[in-house]
Amino acid sequence: MITDSNYNFLSPAGREFVVAAARFGAVSPSSRILILGCGGGAGAVVAAREFRCRVVAADTRLGLAEEARDLCERSGVSHLVTVDARNPFEAGYADDPFDLVIAEGGFLRPATRKPFFDAIARWLLPRAVVAFADIIYTTKQVPSSVSQMYGDSERQTLSEDAYRVLVRDAGVELQFICLSPPSNWDNFYGHIVKRTTDTAGYFGSDAIKAAMNNEINLFYRMDCLRYIGYLICICRRD
């Protein structure tokens, strides 16, 4: 949906990202998938509802695991979804690999990016699929106000080429790559504006509210899509 007043994902990747990843992974009711950075559980609900598969939804950010559990219960899929608030790199996922691993928006921070690409081959069954989404710079000429908000180039915020190298070195094969459409940015930021009225949980924090308000203002004032994009990659384990 181009304009979606019910959008509830914490990135511009959205529902289509989760569904496409599951289609590439041939997910069925017998499948197990891992969603990292699940946020409030929107992607977990989509996967469980659409494919009736078992889902592990993980997020360590304060209050989001509880929000995801609540959404899964209200959506009638709590019997299919396990919400995990542990550090994913200490959770033993390699002991029982998945048919699909999805890293949703916000998971691929500088501190987690390398460990994620080091771990994905161990977290996946043979020929299974990994999908990830993250903000990238689409040009080398980035105003300082934009880089201060979205991160230093090649250290905090990568380029498409840098991600292609990470994919290659991780031993997975790129199957599909694209950028989220501009409308998804509008849907995402529209959802964030609604969440700034929260009084508890992750968005109840005054610091989070201030940071997101500053980001939204800069995004539209500087026409940031001239410099950034939201990269979506779907890959298959060798």
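**Cysteines and helix packing in the predicted model**

In this predicted model, C38 counts as buried because its relative accessibility is 4%, below the 20% cut-off for burial. C224 likewise counts as buried, since its relative accessibility is 1%. The structure contains 0 disulfides. C38 takes part in no such bond, and the nearest cysteine sulfur, which belongs to C72, lies 7.7 Å away.

The buried residues of helix 7 are S183, N184, W185, N187, F188, Y189, H191, I192 and R195. These buried residues pack against several helices, namely helix 1 (14-24), helix 3 (64-74), helix 5 (144-150) and helix 8 (206-221). They also pack against two strands, strand 5 (124-137) and strand 8 (228-237).

Helix 1, one of the packing partners of helix 7, also meets helix 2 (residues 42-51), the two axes coming within 9 Å and crossing at roughly 45°. Helix 1 is therefore oblique to helix 2, as the angle falls between the limit of 35 degrees for a roughly parallel pair and that of 65 degrees for a roughly perpendicular one. The crossing of helix 1 past helix 2 is right-handed. On the side of helix 1, the contact is made by R15, V18, V19, A22 and R23. Helix 2 contributes G43, V46, A47, E50 and F51 to this contact.

Notes: Residues are numbered from 1 along each chain as its sequence is written. This is a predicted model: local features need pLDDT of at least 70, side-chain atom pairs count only at pLDDT 80 or more; totals for chains, interfaces and linings use all residues. Side-chain values use heavy atoms; hydrogens and water are left out. A disulfide is a pair of cysteine sulfur atoms within 2.5 Å. Buried means under 20% relative accessible area, exposed over 50%, partly exposed in between (1.4 Å probe, protein chains only). Helices (H or I, at least four residues) and strands (E, at least two) are DSSP runs, numbered from the N terminus. Contact means heavy atoms within 4.5 Å. Axes are lines fitted to C-alpha atoms, for helices over the stretch in contact, and angles run from 0 to 180 degrees between N-to-C directions. Angles under 35 degrees count as roughly parallel, over 145 as roughly antiparallel, 65 to 115 as roughly perpendicular and the rest as oblique. A crossing is left-handed if the near helix is turned anticlockwise from the far one by less than a right angle, and right-handed if clockwise.
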